[in-house]
Amino acid sequence: MENLLWQHIQHVKKSVPLIHNITNYVVMNNTANALLAAGASPIMSHAQSEVEDMVNICQALVVNIGTLDEYWSLSMIKAAKKANELGKPWILDPVGAGATPYRNDILTELLQLKPKIIRGNASEIMALAKASDLKTKGVDSTAASSEAIEAANALNTEYDSVVCISGETDIIIDGNKIMMLNNGDSLMAKVTGLGCSASAITAAFAAVVEDKFEATLAAMALLGVCGELAAKTSAGPGTLQLNILDKLYNITEEEFMSTLKISE
Amino acid sequence: MENLLWQHIQHVKKSVPLIHNITNYVVMNNTANALLAAGASPIMSHAQSEVEDMVNICQALVVNIGTLDEYWSLSMIKAAKKANELGKPWILDPVGAGATPYRNDILTELLQLKPKIIRGNASEIMALAKASDLKTKGVDSTAASSEAIEAANALNTEYDSVVCISGETDIIIDGNKIMMLNNGDSLMAKVTGLGCSASAITAAFAAVVEDKFEATLAAMALLGVCGELAAKTSAGPGTLQLNILDKLYNITEEEFMSTLKISE
Amino acid sequence: MENLLWQHIQHVKKSVPLIHNITNYVVMNNTANALLAAGASPIMSHAQSEVEDMVNICQALVVNIGTLDEYWSLSMIKAAKKANELGKPWILDPVGAGATPYRNDILTELLQLKPKIIRGNASEIMALAKASDLKTKGVDSTAASSEAIEAANALNTEYDSVVCISGETDIIIDGNKIMMLNNGDSLMAKVTGLGCSASAITAAFAAVVEDKFEATLAAMALLGVCGELAAKTSAGPGTLQLNILDKLYNITEEEFMSTLKISE
């Protein structure tokens, strides 16, 4: 599996997929730079007058609701529909799911359009399942992560989406398959938008890797490994944000292989 | 006082207050990172469909009019009203006050909602008082700073807001109280949005410190000291922007105490 | 010519021109910082209620359509008209020209307002000429760059705009005049928005330099030289973004003169 992930990483760099981002204001610069550093080509576009045309020329779409509003949410729905129509993968990043009724309403609409991949933290994944009125055993859960895994399974069953619960351990779920990644560094939680970068990079991999479970795994592995390596040379979260970009750009096979911690 | 300020800095880190930002596009990423580095948790949200719900789950609100427009200004007013209704502190950053009639109109409306704290540079504070038709002695002023202090006093009297005039010397005013901070570095003026970071960090302190004069003082002291220390190791404004975030995150009591320059 | 360009660089730093930016969300922070580092003073403002007033207090305007939508495009047109009315230079950055019909429509409208300077990459300049139905010999072209030069000449003839085609070699065209700059580094293509910074810096030079051909040349030379120097000390695109800002701020005459590669 490790070799396969590295091949996918090289595949993205060789293919330079064009990725359409409808994402939040906070992370746009950093997301674009993360995509460039990983070898993809970013487009940020939200105008209702052109989102469908942009989906048409891109290989994958990211919908990130971080700073959504009434106009942007319509653009997101329009673009996701178009992606489905054209058979292009689209990724949902449900930032702040559960924080407000409005966010939940829009997420419920977006879920009906069956994203190929959903990536969020445990609390967002649980809120997403709840907003969709999906039944999870819930009561039997003895730990936050097992509740999140149940929610992820429910979302996967209902919408046929690969689900990634990101956190200290990243958990990627699709059908019977489940894999864990144990890379990263606690300092990453002090940099805004690394989760958003993860979703965008996942879209880049989904654009060129047929198996979306593998695509998600490779993307999360890449960011986790780069974050872990970059943290070692960073004095704090400010420099970490930039060092991760450098590492996404210049990571070697040896660095990747010797740092990756993956398990079933 | 120095010890009290350091206690407030620790208080923020321990409490991790959730701060709602309706701020400008230019600084969103950096503001979110500054809040994270100082120990708070940022939310950026402006949709009229959810701003009131966001105010409800946060402990303080920042309204920064840097890139305001007709939609965003309504969101700001809506959020500030909700903050008042719930008794939560909100901070006004009057970016570009006086630059256009439109900016002044919106600021006049916002002032009616009595922000707990106002932070701006001398020219913005003076423009704010003028836009509110507040009488200042003006003609007797022999220096820009004394004019700004008069304007700050007038705003404080009229709206009961703590006022911070930031600049080479930061001046914090509330009723009879006035304090000066002489930290920082001239290179900070070459980094966009550090004033906006100051306002956001002030909100984080206002969220957990009862006395808003002390909260403002602690926030401004923290940023000034961190900026001054970070400038020493920065080759220019690019690296300074990141080094300040690192320093906000890892500043020690000894560094803070030995660098702080505060006076009445 | 080299000495003249350096004089223009110093002129900007001494004059601190106020530059009005209607630009895209992705690059706003970095554009503002690039302007500050080069010695200018940035304003970002897009509200239809104030763009004309902002044009009035600024010395030059940048219109960058990167993340345009229906509202923002009206603001751009309004501001460009006002700039013309007041005789202030405005610069067009046609990001993504040719990508969608909507982008082309808005660009066609903007071109009617005759920007003083147009800066884009070869593909954007060619798309711009095509969207304007300008006749270019086209078929005789034996290289991409000669096609772009033809397009630039056609745009220059039709709209009287100085045209800069940026890329590995930057080509600046006005009437019979054509100059080439061979600075920069391939790593710059991995940082988002350096083209947008180039346009903004060009506006800063256009604000204080009467001859717009020279202004464009000086701005592009400055960014190319700073990028080339900064790349030498950067581990990747993350740190490069910041090191360019540092270099824009602290570049010396000797560094500039010994690095500049200019030819007719």
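**Note on the interfaces and sheets of a predicted model**

1. In this structure the area buried between chain C and chain A is about 2,100 Å², and carbon and sulfur atoms give 58% of that area. On the side of chain C, the residues that lose the most area to chain A are C:Tyr25, C:Val26 and C:Lys190, which together make up 26% of what that side buries.

2. Counted by residues, the interface of chain C and chain A brings 26 residues of chain C into contact with 26 residues of chain A. Between these two chains the count is 1 salt bridge, and a salt bridge is formed by C:Arg103 with A:Glu50, whose closest N and O atoms lie 2.5 Å apart. For polar contacts, the count between chain C and chain A is 13 residue pairs, with both residues of a pair at pLDDT 80 or more.

3. As to which helices take part, helix H5 (101-111) and helix H10 (237-250) of chain C each supply at least two residues of the side that touches chain A. Of that side, H10(C) gives the most, with 5 residues. Sorted by class, the side of chain C that touches chain A holds 13 nonpolar, 9 polar and 4 charged residues.

4. Turning to the interface of chain A and chain B, 26 residues of chain A are in contact with 26 residues of chain B. The two chains bury about 2,100 Å² between them, and 59% of this lies on carbon and sulfur atoms. Within the area that chain A buries against chain B, A:Tyr25, A:Val26 and A:Lys190 supply 26%, which is more than any other three residues.

5. Between chain A and chain B the count is again given as 1 salt bridge, and the side chains of A:Arg103 and B:Glu50 meet in a salt bridge with an N to O distance of 2.5 Å. Across this interface there are 13 residue pairs in polar contact, both residues being at pLDDT 80 or more. Helix H5 (101-111) and helix H10 (237-250) of chain A each supply at least two residues of the side of chain A that touches chain B, and the largest share of that side, 5 residues, comes from H10(A). By class, this side of chain A comprises 13 nonpolar, 9 polar and 4 charged residues.

6. Within chain C there is an open sheet of 9 strands with mixed pairing, in the order E2-E1-E3-E4-E5-E6-E7-E8-E9. Strand E2 (41-44) and strand E9 (262-263) of chain C stand at its edges, and because each has a single partner strand, one side of each is left without a neighbour in the sheet. Strand E1 (residues 18-22) and strand E3 (residues 60-64) of chain C run parallel and are joined by 4 bridges; as one example of the pairing, C:Asn21 has C:Val62 in E3(C) as its bridge partner. Helix H6 (residues 122-131) of chain C packs on the sheet, where it touches strand E5 (117-121) and strand E6 (162-166), and its direction makes about 120° with that of E5(C).

7. Chain B, too, has an open sheet of 9 strands with mixed pairing, and its order is E2-E1-E3-E4-E5-E6-E7-E8-E9. The edge strands of chain B are strand E2 (41-44) and strand E9 (262-263), each of which pairs on one side only. Strand E5 (residues 117-121) and strand E6 (residues 162-166) of chain B run parallel and are joined by 5 bridges, with B:Ile117 standing opposite B:Val162 in E6(B). Helix H4 (residues 70-85) of chain B lies across strand E1 (18-22), strand E3 (60-64) and strand E4 (90-93), and runs at about 150° to E3(B).

How values were computed. Residues numbered from 1 in each chain as written. Chains lettered and ligands numbered in written order. Predicted model: local features only at pLDDT ≥ 70, side-chain atom pairs only at ≥ 80, totals over all residues. Heavy atoms only, no water. Contact = heavy atoms within 4.5 Å. Buried area = accessible area lost by both parts, 1.4 Å probe. Salt bridge = Lys/Arg side-chain N within 4 Å of Asp/Glu carboxyl O. Polar contact = N/O pair within 3.5 Å; in protein donor to acceptor, adjacent residues only side chain to side chain. Nonpolar A, V, L, I, M, F, W, Y, C, P; charged D, E, K, R; others polar. Pairing = 2+ DSSP bridges. Axes fitted to C-alpha atoms, helices over the stretch in contact; angles between N-to-C directions.
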